[in-house]
Amino acid sequence: MSLETKIMEDLKNAMRAKDEAALRTLRAIKAAILIEKTSEGASDNISEATEIKILQKLAKQRRDSLEIFEKQNREDLAAKEREELAIIDKFLPKQMSAEELKTEIQAIITQVGAKTPADMGKVMGVASKQLAGKIDGKAISETVKQLLAQG
């Protein structure tokens, strides 16, 4: 079942349940998918990788907003972002733990033969492709920097 089909099912259920947070979030996901499908040069069907990228982008937007709202002590707005983030996370693949990430990055460093922080580009290229959808790019970058600095 494609992401779009799952979204439509959940949207119907949210309407029946009158779940405002779910409706708001699912409509945002549906809109993002529609924008991607109708963008110039796009085909009518989008790949699972593209769907995950869309969800990650939406989740990152929510996390960034949540951080800002928490700094500004706007708990009312922060609560909305938390609700939406929880719903988006249900559609994303299971995220890696910090330990799993460290193990994967260490294997990639060995695989590409990286020795110094100057080799970060080589490691990031491979890591970004292998770990796409499993963890945030910022976490990958920080872990690569940390492990190469220990070198």
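**View 1. The buried side of α3.** In α3, the buried residues are Glu51, Ile52, Ile54, Leu55, Leu58, Ala59, Arg62, Leu66 and Phe69. This is a predicted model, so keep that in mind for every view here. Among the elements that cover those buried residues are α1 (3-17), α2 (20-38) and α4 (75-91).

**View 2. α3 from end to end.** Helix α3 takes in residues 48-71, and its 24 residues should span 34 Å at 1.5 Å a residue. The C-alpha atoms at its ends sit 35 Å apart, which agrees. Just past the helix, look for Asn73, with a positive phi of about 55°.

View 3. Arg62 belongs to helix α3. Is Arg62 buried or exposed? With a relative accessible area of 10%, Arg62 counts as buried, since the cut-off for buried is under 20%. Leaving aside residues up to four places away in sequence, Arg62 touches Ala28, Glu81, Glu84, Leu85 and Ile88.

View 4. Leu101, Ile105, Ile108 and Ile109 are the buried residues of α5. Down the helix axis, the buried residues of α5 fall within an arc of 100°, so they line one face. Over on the other side of α5, Glu99, Thr103, Thr110 and Gln111 are exposed. The cover over the buried residues of α5 includes α6 (120-130) and α7 (137-150).

**View 5. α5 from end to end.** Helix α5 (residues 98-112) has 15 residues and reaches 21 Å from its first C-alpha to its last, close to the expected 21 Å.

Notes:
Residues numbered from 1 in each chain as written. Predicted model: local features only at pLDDT ≥ 70, side-chain atom pairs only at ≥ 80, totals over all residues. Heavy atoms only, no water. Helix = DSSP H or I, 4+ residues; strand = E, 2+ residues; numbered from the N terminus. Expected span 1.5 Å × (residues − 1). Buried < 20%, exposed > 50% of the residue type's maximum accessible area, 1.4 Å probe, protein only. Contact = heavy atoms within 4.5 Å. Arc of directions from axis to C-beta.
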